[in-house]
Amino acid sequence: MRMHTGVYWSAGSEHAANQDSLSLQHIKLRKGECLLAVVCDGIGSLACSQEAGALAVRQMTDWFYQEGKELICENSAKEMILLALQRQFYQIQENLTTFQQTQNIRTGTTLTGLLLVRNRYYLMHIGDSRIYHIENRKNPFAKLHVKVRCMTTDDTNSQGCLLKCLGMAGEDRVFLNTGKIKKRTGFLLCTDGFCYGNEKLRIGQALGPVLGWRRTGQSGKGQNTGLKNGVIDRRLELLGEQAVKCGSRDNMAAIGIVLE
């Protein structure tokens, strides 16, 4: 299964700096392609929020190339990988606690991540960033139908205030899940500034057609030619611009993934 990716990162319409962090790691091993995608949104009302998100992203990236890569190469069971991810969140939480104590501050960050290994995904989530699953279907009349499903639940109250995050909430409250993936589907990871307004409709319109990317060859028959470089990046940029038009004032970070 081939994996195509794109990235979007913007300070937004009213900020000089972007406190969101992201990491996209895509490698090819003997057993196939694997990928780690992570987005973090530092809590702006707390001190050093950008550093908190960067620390979490950096430590997840280190885990991927050290313990994660080893587990993948050993074809470890899904339970072992989930346990390793849980332990890594304990470590991130411990390091954030130490950072707060040494700096005499309070800080925190959301974290939403996705690990793709062959035909399985591993989902990690705490906070109000999101992961969307996009599926391209055809109805009996051969018209394109796109289904967009949010795979995460915002850890917020009825007033929209954040209830959980790394740094200020226990690592045991991180949500972990796993499931099967298939071709001609996609994922979108994004911080809350990016998923603003009628986001499912906009995501489906922008990324849905990419899942069935085809063009007509010289013979006049549809030929699957794969995705061109930059296609997903440009569509994420379009979604970012639409979020601003809908009223988003926040920082934005997004990662798009298409499975072919």
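Colleague: Hi! Where does helix 3 run, and how many residues has it?

Modeller: Helix 3 covers residues 199-211, which makes 13 residues. From the first C-alpha to the last it reaches 18 Å, close to the 18 Å expected at 1.5 Å a residue. Bear in mind that this is a predicted model.

Colleague: Nice. Which residues meet there?

Modeller: From helix 3 you have Arg 202, Ile 203, Gln 205, Ala 206, Leu 207, Pro 209 and Val 210. Helix 4 brings Val 231, Ile 232, Arg 235, Leu 236, Leu 239, Gln 242 and Ala 243. The residues of this contact divide into 10 nonpolar, 2 polar and 2 charged. Gln 205, where helix 3 bends, is among the residues that meet helix 4.

Colleague: Changing topic: where does Leu 189 lie?

Modeller: In strand 9, residues 185-190.

Colleague: Is Leu 189 buried or exposed?

Modeller: Buried, because its relative accessible area is 0%, and buried means under 20%.

Colleague: What is Leu 189 in contact with, leaving aside its neighbours within four places in sequence?

Modeller: Ala 37, Val 38, Val 39, Thr 112, Gly 113, Leu 114, Arg 130, Ile 131, Ala 253, Ala 254, Ile 255 and Ile 257.

Colleague: How far apart are Leu 189 and Gln 91 in space?

Modeller: They are 23 Å apart, C-alpha to C-alpha, and 98 residues apart in sequence.

Colleague: Last topic, the backbone. What is phi of Asn 75?

Modeller: Near 55°, a positive value in a residue other than glycine. Most residues other than glycine have a negative phi.

Colleague: Where is Asn 75 found?

Modeller: In the loop between helix 1 (49-73) and helix 2 (78-103). Asn 75 is partly exposed, with a relative accessible area of 47%.

Colleague: And what about phi of Arg 184?

Modeller: Arg 184 has a positive phi of about 60°, although it is not a glycine. Arg 184 is found in the loop between strand 8 (175-180) and strand 9, and is partly exposed at 32% relative accessible area.

Technical notes. Residues are numbered from 1 along each chain as its sequence is written. This is a predicted model: local features need pLDDT of at least 70, side-chain atom pairs count only at pLDDT 80 or more; totals for chains, interfaces and linings use all residues. Side-chain values use heavy atoms; hydrogens and water are left out. Helices (H or I, at least four residues) and strands (E, at least two) are DSSP runs, numbered from the N terminus. The expected span of a helix is 1.5 Å times one less than its number of residues. The bend at a residue is the angle between axes fitted to the seven residues ending there and the seven starting there. Contact means heavy atoms within 4.5 Å. Ala, Val, Leu, Ile, Met, Phe, Trp, Tyr, Cys and Pro count as nonpolar, Asp, Glu, Lys and Arg as charged, and the others, Gly among them, as polar. Buried means under 20% relative accessible area, exposed over 50%, partly exposed in between (1.4 Å probe, protein chains only).
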